[in-house]
Amino acid sequence: MKKIIAVWMSFLMIFAGSATILAEEKSYKYFGVGDAEISEIAEHTYHVNTQGAKQDEGFVFTPKEINGGKQITFQLELKGKGEMLIRISETDVAGKFIKETISDPIKLTDNWKKAQRNLMLSPNTAEVDIMVLTNRKQQAAFQFKNVVVNEHDKPTL
């Protein structure tokens, strides 16, 4: 009986390790835009400070394995001070700009707020840059977490 339990425990440990690896593969590399500073304050929770020197300060990331012609949903949770926009830029395989989609302003508060953007990608899209940026010159201090980019098999738009 002890051997059976030991074997099952081994399988569970291997499976749990695999699940952790898969979850880590979904994390993104974030970069500051403009005079913004970004730092990880907890696992997958980040803090961003913008200087307010110009509009469009915040952060950007580029999810991998995006397929043109598909619908994607981008979502995250935000809190802090300031007013932000979600901007998604699409480029083709040569890096040529295709189009850009910009959300309505998102007013931040002291409580976590989910923000989401759905869009249909152009058939020629090979890469997208997803940005969360200030919509005017402003000093903003905010946090974000739970960043998810989903590709839909069937469009819902």
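This text walks through a predicted model, from its sheet to its aromatic rings and then to a few single residues. Local features need pLDDT of at least 70, side-chain atom pairs count only at pLDDT 80 or more, and totals for chains, interfaces and linings use all residues. Residues are numbered from 1 along each chain as its sequence is written, and side-chain values use heavy atoms, with hydrogens and water left out.

Start with the sheet. Five strands form an open sheet in the order β2-β3-β11-β5-β9. The pairing is antiparallel. Strands here are DSSP runs of E with at least two residues, and helices are runs of H or I with at least four; both are numbered from the N terminus. Two strands pair if DSSP finds at least two bridges between them. At the edges stand β2 (37-42) and β9 (113-120). Each has a single partner strand, so one side of each is left without a neighbour in the sheet. On average, neighbouring strands of this sheet are turned by 30 degrees against each other, direction ignored. Such angles come from axes, which are lines fitted to C-alpha atoms, for helices over the stretch in contact; they run from 0 to 180 degrees between N-to-C directions.

β2 and β3 pair in the antiparallel sense over five bridges. E37 stands opposite N49 in β3. The loop between β2 and β3 holds H44. H44 is not a glycine, yet its phi is positive, at about 65 degrees. Most residues other than glycine have a negative phi. H44 is partly exposed, with a relative accessible area of 35%. On this scale buried means under 20%, exposed over 50%, and partly exposed in between, with a 1.4 Å probe and protein chains only.

E65 also has a positive phi without being a glycine, with a value near 60 degrees. E65 sits in the loop between β4 (58-61) and β5 (71-81). E65 is exposed, with a relative accessible area of 76%.

Next come the aromatic rings. Rings of Phe, Tyr and Trp (its six-membered ring) pair if their centres lie within 6.5 Å; planes under 30 degrees apart count as stacked, over 60 as edge-to-face and the rest as tilted. By this rule there are 10 aromatic pairs. One of them joins Y30 and F144 edge-to-face, at 5.0 Å centre to centre and with 80 degrees between the planes. This pair links distant parts of the chain. Y30 lies in the loop between α1 (2-25) and β1 (31-33), and F144 in strand β11 (residues 141-152), 114 residues apart. Y30 is buried, at 12% relative accessible area. F144 is buried too, at 0%.

F144 has another ring partner in Y46. Their centres are 5.1 Å apart and their planes are at 15 degrees, so this pair is stacked. Y46 belongs to strand β3 (residues 45-49), 98 residues from F144 in β11. Y46 is buried, with a relative accessible area of 12%.

Last, turn to E57, in the loop between β3 and β4. E57 is buried yet has no salt bridge. A salt bridge needs a side-chain nitrogen of Lys or Arg within 4 Å of a carboxyl oxygen of Asp or Glu. The nearest side chain of opposite charge, K54, is 5.9 Å away. For charge, Lys and Arg count as positive and Asp and Glu as negative; His and the chain ends are not counted. The E57 side chain does reach two backbone nitrogens: that of G52 at 2.8 Å and that of D35 at 3.4 Å.

Definitions and conventions: Polar contact = N/O pair within 3.5 Å; in protein donor to acceptor, adjacent residues only side chain to side chain.
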